[in-house]
Amino acid sequence: LFNLLPNSAKIMASSAHTCVSFILRHVHSGRIIPLFVAHYTAKSPLTRRRIIEFVGLMLQVWPVSMLERQVATLKDVIQRAIHDADSATRASARSAFWGLSDHFPTQA
């Protein structure tokens with residue numbers, strides 16, 4: 001699904017985004033977080049932006065108990081995204097940072 005996010009066919013890209021969002025809203029598992037973080041290194045700015053949006057969605061929807069084990073990983077990817085070249089990615093990273101600071105104020 002991550003490979004479909006920067007697809008030039010709009011229907012494929014929007015379907016992939018909707019599917020991943022649906023999965024994140026209804027499947028709360030800490031094992032998913034490293035998969036998202038691994039795809040943040042993609043060359044496509046759209047993929048990086050979507051990954052950070054998904055991280056922000058995790059921070060909004062998931063219970064804190066699922067996020068506690070991966071807080072260092074989440075913090076690292078948000079820090080990298082705040083320094084991204086794409087302005088929309090940086091904006092998404094700032095909103096994800098506020099979600100992180102709500103749940104883990106000492107780590108943020």
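Tutor: Let's start with α3: its buried residues are Thr 47, Arg 48, Ile 51, Ile 52, Phe 54, Val 55, Gly 56, Leu 57, Met 58 and Leu 59. This is a predicted model, where local features need pLDDT of at least 70 and side-chain atom pairs count only at pLDDT 80 or more, while totals for chains, interfaces and linings use all residues. Residues are numbered from 1 along each chain as its sequence is written, and side-chain values use heavy atoms, leaving out hydrogens and water.

Student: Why does Leu 57 count as buried?

Tutor: Leu 57 sits in α3, and its relative accessibility is 10%. Buried means under 20% relative accessible area, exposed over 50%, and partly exposed in between (1.4 Å probe, protein chains only).

Student: Which residues does Leu 57 touch?

Tutor: Leaving aside residues up to four places away in sequence, Leu 57 touches Ser 21, Leu 24, Arg 25 and Trp 62; contact means heavy atoms within 4.5 Å. Take Ser 21: it is 36 residues from Leu 57 along the chain, yet their C-alpha atoms are separated by 7.9 Å.

Student: What do the buried residues of α3 pack against?

Tutor: They pack against α1, α2, α4, α5 and α6.

Student: What makes α1 roughly parallel to α3?

Tutor: Helix α1 (residues 10-26) packs on α3 at an angle of about 25°, and the axes are 10 Å apart. Angles under 35 degrees count as roughly parallel, over 145 as roughly antiparallel, 65 to 115 as roughly perpendicular and the rest as oblique. That angle therefore makes α1 roughly parallel to α3. On the α1 side the contact includes His 17, Val 20 and Leu 24, and on the α3 side Phe 54, Leu 57 and Met 58 are among the residues involved.

Student: So why is α3 called oblique to α5?

Tutor: Those two pack at about 140°, with axes 11 Å apart. That makes α3 oblique to α5. Here Ile 52, Val 55 and Leu 59 in α3 meet Leu 74, Val 77, Ile 78 and Ala 81 in α5.

Student: And why is α5 roughly antiparallel to α6?

Tutor: Their axes cross at roughly 150° and come within 8 Å. That angle makes α5 roughly antiparallel to α6. Among the contact residues are Val 71, Leu 74 and Ile 78 of α5, with Ala 93, Phe 97 and Leu 100 of α6.

Student: How do you know that the buried residues of α5 line one face of the helix?

Tutor: The buried ones are Val 71, Leu 74, Val 77, Ile 78 and Ala 81. Seen down the axis of α5, they fall within an arc of 130°, so they line one face of the helix. (The arc is that of the directions from the helix axis to the C-beta atoms.)

Student: What covers them?

Tutor: The cover includes α2 (33-38), α3 (45-61), α4 (64-67) and α6 (87-103).

Student: How many residues does α5 have, and how far does it reach?

Tutor: α5 (residues 71-82) has 12 residues and reaches 16 Å from its first C-alpha to its last, close to the expected 16 Å. The expected span is 1.5 Å times one less than the number of residues. For α3, with 17 residues, the reach is 24 Å, close to the 24 Å expected.

Technical notes. Helix = DSSP H or I, 4+ residues; strand = E, 2+ residues; numbered from the N terminus. Axes fitted to C-alpha atoms, helices over the stretch in contact; angles between N-to-C directions.
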